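Please read these notes with the model open beside you. Each point takes up one part of it.

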Amino acid sequence: MEPKIVSRPAFTVVGVKYHGKNENEEIKQMWQDFGPRMGEIKHVVNSCISYGVCANADEESGEFDYVAGFEVESVADIPEGMESMEVPEATYALFATTLPAIGETFHNAHHTWLPQSGHRPTGGPELEVYGEEFDPQDPASTFGVYIPIK
């Protein structure tokens, strides 16, 4: 499980937001509800790439913010019920994963790879990047998990 180290410039995501612990797979349901609304987002940079942005994690409560959406060039005209989230420029450890393995990937990244890597987490937003080849109906379909590191 050796990640690729990549850098990304700052960008903005617009989409639907969840806040909580995801104890009942609320994020999975949120993506399903978001699907029919994806076309409402204006100023999209690339509609073939969607993002899950996880930020503001509270270790004590276990709650975090999660935005499912698209990178945009402008936050003008945000659809009702959606929000924007800024993602700062960062260096990331990029792990390939699948939907069935996502929890294990995050766990291994934080509890196995990071402590042995010489890197430290920045505490910035973590990303799920779903490219054009990703098929949510195929359990073997891969996407990227980006952990910001220093």
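1. Basis of the note. This is a predicted model, in which local features need pLDDT of at least 70 and side-chain atom pairs count only at pLDDT 80 or more, while totals for chains, interfaces and linings use all residues. Residues are numbered from 1 along each chain as its sequence is written, and side-chain values use heavy atoms, with hydrogens and water left out.

2. The largest pocket. Its volume is about 1,400 Å³. A pocket here is found on a 1 Å grid over the protein atoms alone, as an open set of points where a 1.4 Å probe fits, with protein on both sides within 12 Å along at least five of seven lines. Grid points are joined across faces, edges and corners, and the volume is the space filled by probe spheres set on the points.

3. The lining. The largest pocket is lined by 44 residues; a lining residue has an atom within 4 Å of a point. Nearest the centre are Ile 27, Tyr 66, Ile 102, Phe 106 and Glu 128. Two or more lining residues come from each of α1 (26-34), β3 (50-55), β4 (64-72), α2 (102-117) and β7 (126-130). Helices (H or I, at least four residues) and strands (E, at least two) are DSSP runs, numbered from the N terminus. The biggest share is that of α2, which gives six residues.

4. The lining residues divide into 20 nonpolar, 15 polar and nine charged. In this count Ala, Val, Leu, Ile, Met, Phe, Trp, Tyr, Cys and Pro are nonpolar, Asp, Glu, Lys and Arg are charged, and the others, Gly among them, are polar.

5. Aromatic pairs. How many aromatic pairs does the count come to? The count is 10, where rings of Phe, Tyr and Trp (its six-membered ring) pair if their centres lie within 6.5 Å, and planes under 30 degrees apart count as stacked, over 60 as edge-to-face and the rest as tilted. Trp 31 and Phe 34 form an edge-to-face pair, at 6.0 Å centre to centre and 65 degrees between the planes. Both residues lie in helix α1, three residues apart, about one turn of the helix. Phe 134 and Phe 143 also form an edge-to-face pair, with 5.4 Å between centres and 80 degrees between the planes. Ring pairs link Trp 31, Phe 34, Phe 70, Tyr 130, Phe 134 and Phe 143 into a cluster.

6. Trp 31 is buried, with a relative accessible area of 18%, and Phe 34 is buried at 1%. Phe 134 counts as buried at 14%, as does Phe 143 at 4%. Buried means under 20% relative accessible area, exposed over 50%, and partly exposed in between (1.4 Å probe, protein chains only).

7. Ser 141. This residue is in the loop between β7 and β8 (142-149). Is Ser 141 buried or exposed? Ser 141 has a relative accessible area of 7%, so it is buried. A polar atom of its side chain lies 2.8 Å from the backbone nitrogen of Asp 135. Not counting residues up to four places away in sequence, Ser 141 touches Thr 97, Thr 98, Leu 99, Glu 133, Phe 134 and Asp 135; contact means heavy atoms within 4.5 Å.

8. Met 30. Helix α1 also holds Met 30, which counts as buried at 10% relative accessibility. Leaving out residues up to four places away in sequence, Met 30 touches Val 16, Lys 17, Tyr 18, Tyr 66 and Ala 68. The C-alpha atoms of Met 30 and Lys 42 are 19 Å apart, and the two residues are 12 residues apart along the chain.

9. Asn 56 and Asp 65. Asn 56 lies in the loop between β3 and β4 and counts as exposed at 54% relative accessibility. Asp 65 is in strand β4 and counts as buried at 8%. Their side chains make a polar contact at 2.7 Å (a pair of N or O atoms within 3.5 Å; within protein, one must be able to donate a hydrogen and the other to accept it, and residues adjacent in sequence count only if both atoms are side-chain atoms).

10. Positive phi values. Most residues other than glycine have a negative phi. Phi of Asn 56 is near 55 degrees, a positive value in a residue other than glycine. Phi of Glu 25 is also positive, near 55 degrees. Glu 25 is in the loop between β2 (11-20) and α1, and counts as partly exposed at 48% relative accessibility.
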